[in-house]
Amino acid sequence: MILTCKTAGESHGPCGLAIIEGLPAGLTLDVEFINQELQRRQGGYGRGGRQAIETDRAEFLTGVRGGTTTGAPLTVQVVNKDSRLNDADKTPPVHRPRPGHADLAGAVKWQTNDCRNTLERASARETAARTAAGAISRCLLRAFDIRVFGYVKGMLDVVAPTHPTREMLDELIALREDSAVYCPDDATCKAIIAHIKQAKIDKDTVGGLCETVVFGCPPGLGSCASWQEKLDAKIAYAVMGIQAFKAVEIGLGSECGKHTGSNVHDPIQYDASQANESHFGFTRPRNNAGGIEGGMTNGMPVVVKGTMKPISTLLQGMDSVDLCTGQNERSDYERSDVCALPAASVVMENVVAFEIASAFLTSFSGTTMDMVRASFNAYAKRARNIIQS
Ligand code: EPS
C-alpha cells in the first residue's frame, strides 16, 4: 500500500487531524521527537500572538497501540486551544480580501462575500498536522539510518554559506537549536533577525529561503518508469503544497540553465571499499543533481530548496476591494505573524521526509517492519553485487 496522508481541520476549529495510511505494523513511534518537531514548528523569531496560546502535542486516535503502529490507518490529532469557529462574534466575517492570501479566489470559488471559511482552511495552522505526519514518517526513516535536516537558508539579500554534510549533522543541529531563526550560520542569523525587526517596524512582512537535506537514501528510491513516480516531482508537489511556498528547487535548481552539461552533471565514481555505505560504493565528487537523477535517488544527499513568500496579512493592509460594496478599501487585518520562515523550515523538513518515506515503502513494501527490513536488506545485498569485483 502506498503511504498517504490526508489532513483536515480549521485554524480556529477544535483540532487539526492527519490520517496516514500505509505504515507497516511494528513501527515504534518516538513521541518525544514528534512533539519536539511540533514545538519547533511553533517557534522561531517573527511569530505572532497565536503561538503563545497553543501548546501543540500529537495525540494518537487510531492505528497506534502501546506506542507502536498496528498497520491500520493512523489518525493523529493536534488540538487547537484557540478554538472559536462556532462563536460568530469571535470569528467575524472577512469582507476585504488580503492580496496574496487565498481570500479572494476562495470567496469566488465558494460563492460568498465572506472569506472566513476560506482563510480558516487555507491557514498555515494546517501545517501542524502535516508536520506531525512527517515526524511520524521519520521514525521509519531513522530505523534505516536516513536522517533529515532542515534550516533557514536566507532572506532578502542574505544567504547562509552552509552546505550540510552527514559528518556535520550533529553540530549543525546544535547550531540550529541555538538560533532564533533556525539558521546554523551566525552572521546570516543576525541579518535575518534584523530584517524581521525592520519589517515589524514597517508594519510589513518577510519570507525567505529554506533548505532540506536528506542523508542516507539508498540509490533507486522513486522511479523513472512513470512520471507520477518521479521522486523530485513528488517532493516538489509536497513542498509547493506548503502554505505560501512559491518555488522549489532540487540541487542546482534553476542555476542549471546557466551552465554547460560538463559543469552541471556529477561524475560517477566507484569505490568497492565503500560498498557497505548507503550509496553502495557509488560516489560523486559533487552533488549538483541534489541526489536525484531520472526521478530516483542516486545515493548522494537529497538537497531541496523552497522559497516562501512574505506572509500576506500586513498590519498596514494593502489596496483591496470590499466584497459587500465593491468599493476600494484597504485589506482586512487578522492577528498574524511578521515572519513564519523558521516554522516553514520545520514544515518543509517534515513534508520532504514524508515523501522519502513514501518512496522507501513503495520500494520496500511489507505489512510489518520486519518484512520491510527483509525487503530492504535483500535489495541492498543485490545492489552491492552489481559490480562483480
Ligand atoms: C495564519 C494566521 C495566524 C498564524 C497561523 C497562520 O493565526 P491566527 O489568526 O490565529 O493568529 O498564527 O498559523 C498558525 C496558527 C500556526 O500554528 O502555524 C494564517 O492566516 O495563515
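In this predicted model, Arg 166 and Asp 145 join their side chains in a salt bridge, with N to O at 3.5 Å. Arg 166 sits in the loop between strand E8 (158–159) and helix H6 (169–178), while Asp 145 sits in the loop between H5 and strand E7 (147–155), so the pair ties together parts that are 21 residues apart in sequence. Arg 166 is partly exposed at 31% relative accessibility, and Asp 145 is partly exposed at 48%.

The structure holds 28 salt bridges. Here are three of them, side by side:

| Salt bridge | N to O distance |
|---|---|
| Arg 166 and Asp 145 | 3.5 Å |
| Glu 37 and Arg 138 | 3.1 Å |
| Lys 258 and Glu 255 | 3.0 Å |

Let's take Glu 37 and Arg 138 next, whose side chains meet in a salt bridge. Glu 37 belongs to helix H1 (residues 31–42) and Arg 138 to helix H5 (residues 127–143), so this pair links parts that are 101 residues apart in sequence. Both Glu 37 and Arg 138 are buried. In the Lys 258 pair, Lys 258 is exposed at 61% relative accessible area, and Glu 255 is partly exposed at 32%.

Now to the ligand. Residues around the ligand include Arg 41, Arg 50, Arg 125 and Arg 335; these four arginines also belong to a network of salt bridges with Glu 54, Asp 56, Asp 82 and Arg 84. A polar side-chain atom of Arg 335 is 2.7 Å from a ligand oxygen, and one of Arg 125 is 2.9 Å from a ligand oxygen. For His 12, a side-chain N or O atom lies 2.6 Å from an oxygen of the ligand. The protein covers 93% of the 470 Å² of accessible area that the ligand has on its own.

Key: Residues numbered from 1 in each chain as written. Predicted model: local features only at pLDDT ≥ 70, side-chain atom pairs only at ≥ 80, totals over all residues. Heavy atoms only, no water. Near = heavy atom within 4 Å. Polar contact = N/O pair within 3.5 Å; in protein donor to acceptor, adjacent residues only side chain to side chain. Areas by Shrake-Rupley, 256 points an atom, 1.4 Å probe, with all protein chains shown as cover. Helix = DSSP H or I, 4+ residues; strand = E, 2+ residues; numbered from the N terminus. Buried < 20%, exposed > 50% of the residue type's maximum accessible area, 1.4 Å probe, protein only.
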